[in-house]
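Please take a moment with the sequence and the model below before reading on. The paragraphs that follow begin with a single helix and then widen the view.

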Amino acid sequence: MKKSIFIFIDAMGWELMKKHDFLKKEMPIRNASKMQFGYSSTAIPTILTGKKPSEHGQFSYYYHDKNNSPFNNIWFKMLRLLPSSITERGRVRSYISKLAKFFFGYTGYFQIYSMPLDRITHFNYSEKKDLFQPGAFKEVDSIFDYLKEKGINYFRTDWRKNEVDAFQNFKETLTKPHQFYFLYFAELDGVQHKETKEGASVPGRLELYKERIQEIMQTLDEQGDEYRISVVSDHGMTTLTSEFDLKEVIDRTGLEFGRDYISCFDSTMLRLWFLNLDAKKVIIKALGDVKEGSILSEEELERFGIDFEGQKYGELFFLMKPGVQIVPSDMCKISFPGMHGYTPDHKDSDASFLANFEPRKKPEWVGDFFNVMKEMADWSKT
Ligand SMILES: [Zn+2]
């Protein structure tokens, strides 16, 4: 029978593909694809729907929405009474995240990261639902809605499982009559955050993926199946060049969080909402002196697809130069050897597309993978 296998390897950037001989013979159709500006919280929805963030509605995890904040409850207030030496520990935060996810009933990816507990009550959380399920997006359809609507028999790995188990589960389904497979492997991202893309474990990790994919192809060949297979990523990885304390710049203005402005410090960008006009002027002036980054222009907001209605995810975005990490940020107190979330115009941001077939349209941007998936699913149905 005909089978289509779509494999998503987080952070398998084009720069890695240039350096390593990764499935060149098996997948001769290959190109760099432009990253969607943002993090996985933006890239995954863009790949699954083929739409810009301003259309599918997902961007960073936290956005200013004090009136509807899920964190404005007695539990989070009580946590604030504990000493910060406890509540700022990574393990404690991961435990709080797990508990909160359970109590809120969220099915998506949920983490409180290093969000300050006295500020988190000003925010709402964007990824409450599991994005890999049909009906995950309010305004637009994802590939899983499409597969369901067309009655295409599909299998996808569970992103909550470790890769070895997920791959094992997947292999057992190869003999079954599934027409479309969606595999998601996230561990290469973690490895590169820890070691960056030149890290010692990276070649071994790529070798492992290569062996897994060759194994899939061999099984399908032996079964006599006709198949289309594609391997893609959402972004690359940029090596740390320096840390920058952007919080200190904002603190130095003497303005007050919650009275004058609301800020969310992601690892590579600061997003701001202003509560009065004076604060806006003062902060724009202070940021103007920071040479390690710049305020995104209207043109960039539009080009990156983040010109949200109602400026939901920020009235002003300050983006660091490639390699500069905001330390401390609301995501992490320390820097990592590798990070992503810089301008998509930089080569280290580039994602990859590899396939054993020529798609109708070359995927120039990661959102184009949506149409490639549709094309693959339609093909397996014929
Ligand atoms: Zn990452």
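**A helix and its neighbours**

The buried residues of α10 pack against β1, β6, α9 (187-195) and β7, where packing rests on contacts, two residues being in contact if their C-beta atoms, placed from the backbone, lie within 7 Å. This is a predicted model, in which local features need pLDDT of at least 70 and side-chain atom pairs count only at pLDDT 80 or more, while totals for chains, interfaces and linings use all residues. Residues are numbered from 1 along each chain as its sequence is written. Helices (H or I, at least four residues) and strands (E, at least two) are DSSP runs, numbered from the N terminus.

Helix α10 covers residues 202-223, and its 22 residues should span 32 Å at 1.5 Å a residue, which agrees with the 32 Å between its end C-alpha atoms; the expected span is 1.5 Å times one less than the number of residues. V202, L206, Y209, I213 and I216 are the buried residues of α10. They lie on the same side of α10 because they cover an arc of only 85° around the axis, the arc being that of the directions from the helix axis to the C-beta atoms. An α-helix has 3.6 residues a turn, so residues three or four places apart point the same way. On the other side of α10, the exposed residues are G204, E207, E211, Q218, D221 and E222. A residue counts as buried if 20 or more other C-beta atoms lie within 10 Å of its own, as exposed if 12 or fewer do, and as partly exposed in between, with C-beta atoms placed from the backbone. After α10 comes G224, whose phi is positive, near 75°.

Elsewhere, four strands form an open antiparallel sheet in the order β10-β11-β13-β12, where two strands pair if DSSP finds at least two bridges between them. The edge strands, each pairing on one side only, are β10 (261-265) and β12 (293-295). Between β12 and β13 (residues 316-320) there are three bridges, and S294 has L319 in β13 as its bridge partner.

For the whole protein chain, there are 14 helices and 16 strands, and buried residues make up 40% of the 382 residues.
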